[in-house]
Each structure stands twice: as structure tokens, then as C-alpha cells.
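Trainee: I would like a close look at a single part of this model. Please take me through the aromatic residues there and what surrounds them.

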Amino acid sequence: MPTRFTASQSVKIAVPQQPIPIQHYLRQPQRLVNALVDNSRFQQLSEEVFRLKMRPLSFMTLSIQPTVDMRVWAESNGIIYLRSLSCEILGFEYINQRFTLNLQGHLSPYQSSSGTRLEGKADLEVQVELPPPLSFTPKPILEATGNGLLKSVLLTVKQRLLHQLLVDYRHWVTSQMTEQAIEDNSGDLPILNLD
């Protein structure tokens, strides 16, 4: 019988004023994924789908490393959504065949007189049928351990998001402004009259 583990995490981020609103930045899902995960651990499969190789997770006596395919997309109102599509546990066929991971989340920009803030929430659920002898462990112990593990995964993602998102946003704004300045200046090249 599968054991179910769940965790939720919410986040609020005050966004410092920049010349380009963060809504423009959020329309690029790859940038958000880049802020969430080290680029050596993800592969872009299509415009909105990414394969993430999670860090190894230790649960009781098991060590597993899930690989999750996720869809990350932005709506026209600037809200970013993420949803897991599939998951694979490499090297542990018994668990892989009896493991489901469901991750859903969103990040929304809010404008107010004091500036812009981002608010988001992620919900993570795992169902797994554990092999013996783990399956004989009392359910409250299994659930407390599993829920704690999922909470720590989401907390790690939250900490990275809090730190990396604004750093990457600042870099992006700077590069956009530099590109714009180069484009603006390229039209002003003096024309030499060689007569």
C-alpha cells in the first residue's frame, strides 16, 4: 500500500525598483528555472519543459535521486506556473515503478504604491510503495520522516529562489539596458563625406 507524503511552502519577495518591470523577466521560463536550479542539473527539452536532476535524497535507509520533467510557463498576466509532468528514479527499479511525484506551484507579481512584490506557493506530494523492511516501519514515523524530507526540499528551493531570482533579474535588466544602448547608438554613427 502506498505511503503519501506532502509539503507546502509559500514565498514573498519584495522586488527592488528596476528600469524594466519584473513581469517582462518572468515571461521567460528558462530564467526562472535557472534561478531555481544550478544549470548543470537541468536540461531544456522544449520551450516550456525542463528535465531536472534533483540532488540525492536520503530517506531512512534509502538513497534516491529523482529526475523530474517539469512544465514552466507564464500567463499573459505575468503569473508563472510550474507543474511536474513525470518523474523517474534511476538505479532503483522497485521504487521507480511504485513512485509518483506531483509538484505544482505559482509565482505572481503584485503591484502596489510601495512597489512590486512576488508571492508564490508550491505544493509537493509523493506517493511511494516502500520495500520491506521499510514497509513495516510504523506509519506515523514514515510520514513524519517523509514529510520532513519534502519540506526540506521545498525550503532549499525557496532559499535559492529568494537569493538567485533578484540577482538574475538585476543581471537581466543590465544586459537588456546595454543591448538597448548599443542598438540606440548604432543608428547614430556619423556618415563621413569623402568628397
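Mentor: Helices here are DSSP runs of H or I with at least four residues, numbered from the N terminus. The model is a predicted one. By that numbering, helix H4 spans residues 139-186 and holds Asp168. Trp172 is also in helix H4, while its partner Tyr25 lies in helix H1 (residues 22-26), 147 residues apart, so the pair links distant parts of the chain.

The count of aromatic pairs comes to four. One of them is Tyr25 with Trp172, an edge-to-face pair with 5.8 Å centre to centre and 65° between the planes. The label follows because planes over 60 degrees apart count as edge-to-face. Tyr25 and Trp172 also belong to one aromatic cluster, together with Tyr169.

Burial can be read off against a cut-off: buried means under 20% relative accessible area. Tyr25, at 1% relative accessibility, therefore counts as buried. Trp172 has a relative accessible area of 5%, so Trp172 is buried. Asp168 has 14% relative accessibility and therefore counts as buried.

Asp168 ties in with this part through Tyr25: leaving out residues up to four places away in sequence, Asp168 touches Tyr25 and Arg31. With Arg31 there is a polar contact between the two side chains, at 2.9 Å.

The charged end of Arg71 sits over the ring of Trp73, 3.8 Å from its centre. The charged end of Arg98 sits over the ring of Tyr94, with 3.8 Å to the ring centre.

Conventions. Residues numbered from 1 in each chain as written. Predicted model: local features only at pLDDT ≥ 70, side-chain atom pairs only at ≥ 80, totals over all residues. Heavy atoms only, no water. Helix = DSSP H or I, 4+ residues; strand = E, 2+ residues; numbered from the N terminus. Buried < 20%, exposed > 50% of the residue type's maximum accessible area, 1.4 Å probe, protein only. Polar contact = N/O pair within 3.5 Å; in protein donor to acceptor, adjacent residues only side chain to side chain. Contact = heavy atoms within 4.5 Å. Phe/Tyr/Trp six-rings, centres within 6.5 Å; stacked < 30°, edge-to-face > 60°. Lys NZ or Arg CZ within 6 Å of the ring centre and 35° of its normal.
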